[in-house]
Number of protein chains: 2
Amino acid sequence: MSLKFAILTSLTEREGSGIELARRFDKSIGYFWPATHQQIYRELDHLGTAGLIRELPLEGATPSRGNPRRFGVTPEGRVRLEEWARELGTPEPVKSAMAVRLRAAAATGTAHEVRHSLESEREQRRANLDRYRQIEERDFADVDPSDTLHALQHQILKLGIQVEQAWVGWCDETLALLSAS
Amino acid sequence: MSLKFAILTSLTEREGSGIELARRFDKSIGYFWPATHQQIYRELDHLGTAGLIRELPLEGATPSRGNPRRFGVTPEGRVRLEEWARELGTPEPVKSAMAVRLRAAAATGTAHEVRHSLESEREQRRANLDRYRQIEERDFADVDPSDTLHALQHQILKLGIQVEQAWVGWCDETLALLSAS
DNA sequence: ATGTCCATGTAAATGGTTACATGATTCA
DNA sequence: TGAATCATGTAACCATTTACATGGACAT
């Protein structure tokens with residue numbers, strides 16, 4: 001449901017081609033709404049049909065490598081995006097196979113065997129956290145209080161940091177609990 | 001992918017009927033792997049075919065209200081569940097329409113209009129948090145250090161608490177940022 | 001007897017994942 | 001010239017959501 005708006009947002013920030021979008025998703029907006037290039041191309045199709053984006057004129061006649069089809073947001077698209085941003089939603093439930101695994105291990109009396117699984121979860125969460133922190137240092141080290149856009153982008157990154165921190169902390173706590181018993 | 005194991009876990013903890021499972025999902029294991037009754041019935045079907053659960057004999061001949069079909073985990077099912085709990089997975093990405101909304105509002109220069117959306121998110125996150133804390137008070141007030149099962153169940157609840165806390169904190173921070181600018 | 005809830009489903013639509021296909025272009 | 005990469009897709013599958021269907025039981 002939100003994918004189309006994630007794409008509209010990305011194209012509002014800067015127009016681009018399908019593949020560019022796919023790459024941006026891999027390293028920025030996709031942190032909170034992941035998507036593959038297949039999804040993106042399909043959605044670009046839909047958005048075009050709905051008149052929310054349009055294909056920009058190309059230099060050469062035919063699209064090709066180095067000269068791909070590029071898309072921009074139409075005025076209707078922008079209005080629709082602004083409307084959507086104001087809408088109230090329901091928070092996505094926290095889905096976690098790790099929580100299910102732990103409960104499964106508890107139910108079957110094999111709690112200590114879940115340790116590797118937990119350690120793997122912790123390492124991956126920590127890797128996410130480190131990645132976010134590097135971005136923070138690189139892009140948000142100096143603060144200009146008058147730059148609201150910059151501050152908001154930082155704020156979104158902080159969401160990732162705080163949620164991943166909660167996860168890492170929880171994994172450590174749980175591992176300690178397993179060691180104690 | 002994890003739904004089948006969530007069901008196996010729930011049936012390991014206690015055998016039950018489809019509707020009972022649906023209700024348990026609404027108020028316990030489903031906090032970390034939500035499922036509707038339609039999904040559950042379909043999956044019970046699959047699990048039965050795969051020999052991981054079996055239908056328990058009924059009192060009366062025909063299932064009916066007050067005497068529904070009941071399911072239990074087979075030995076194979078239990079083994080499969082224990083195996084799965086040991087497997088390593090990839091953490092589910094944090095998906096959040098709220099983060100996309102905020103970024104959309106920033107990109108379109110309508111940041112202050114996202115305030116209601118954020119307040120709504122905060123209230124719902126806080127409601128989740130309160131619910132979890134009530135369960136904690138009710139079920140985990142007294143600690144028996146020798147009861148590992150109890151401790152692990154508490155730990156799973158704490159995951160929900162800590163993640164929702166991170167969310168509520170982030171919403172407050174973001175609202176403060178919007179007020180300041 | 002009628003309406004409501006229980007228990008179990010079916011069906012259609014949407015969303016997401018995985019695997020593969022294709023032509024074109026740059027690079028070694 | 002052959003390999004790798006770019007850019008754009010198709011197809012099949014799996015998971016999830018939403019809406020509806022059914023028949024029996026219970027309550028008024």
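Modeller: In this predicted model, chain A is superposed on chain B by a rotation of 180 degrees, with 0.0 Å of shift along the axis and an RMSD of 0.0 Å. The two copies are therefore related as by a two-fold rotation axis. Among the residues of chain A, the one that comes closest to this axis is Val163(A), whose C-alpha lies at 3.1 Å.

The contact itself draws 66 residues from chain A and 66 residues from chain B. On the side of chain A that touches chain B, at least two residues each come from helix 1 (3–13), helix 4 (75–86), helix 5 (97–108), helix 6 (115–139) and helix 7 (148–180) of chain A. Helix 7 of chain A gives the most to that side, with 17 residues. Sorted by class, the side of chain A that touches chain B holds 33 nonpolar, 20 polar and 13 charged residues. Because 100% of the interface residues of chain A are also interface residues in chain B, the copies meet through the same surface.

A word on the strands of chain B may complete the account. Strand 1 (residues 53–56) and strand 2 of chain B run antiparallel and are joined by 4 bridges; Leu56(B), for instance, has Arg70(B) in strand 2 as its bridge partner. In a regular strand, side chains alternate between the two faces of the sheet.

How values were computed:
Residues numbered from 1 in each chain as written. Chains lettered and ligands numbered in written order. Predicted model: local features only at pLDDT ≥ 70, side-chain atom pairs only at ≥ 80, totals over all residues. Least-squares fit on C-alpha atoms with pLDDT ≥ 70 in both. Contact = placed C-beta atoms within 7 Å. Pairing = 2+ DSSP bridges. Nonpolar A, V, L, I, M, F, W, Y, C, P; charged D, E, K, R; others polar.
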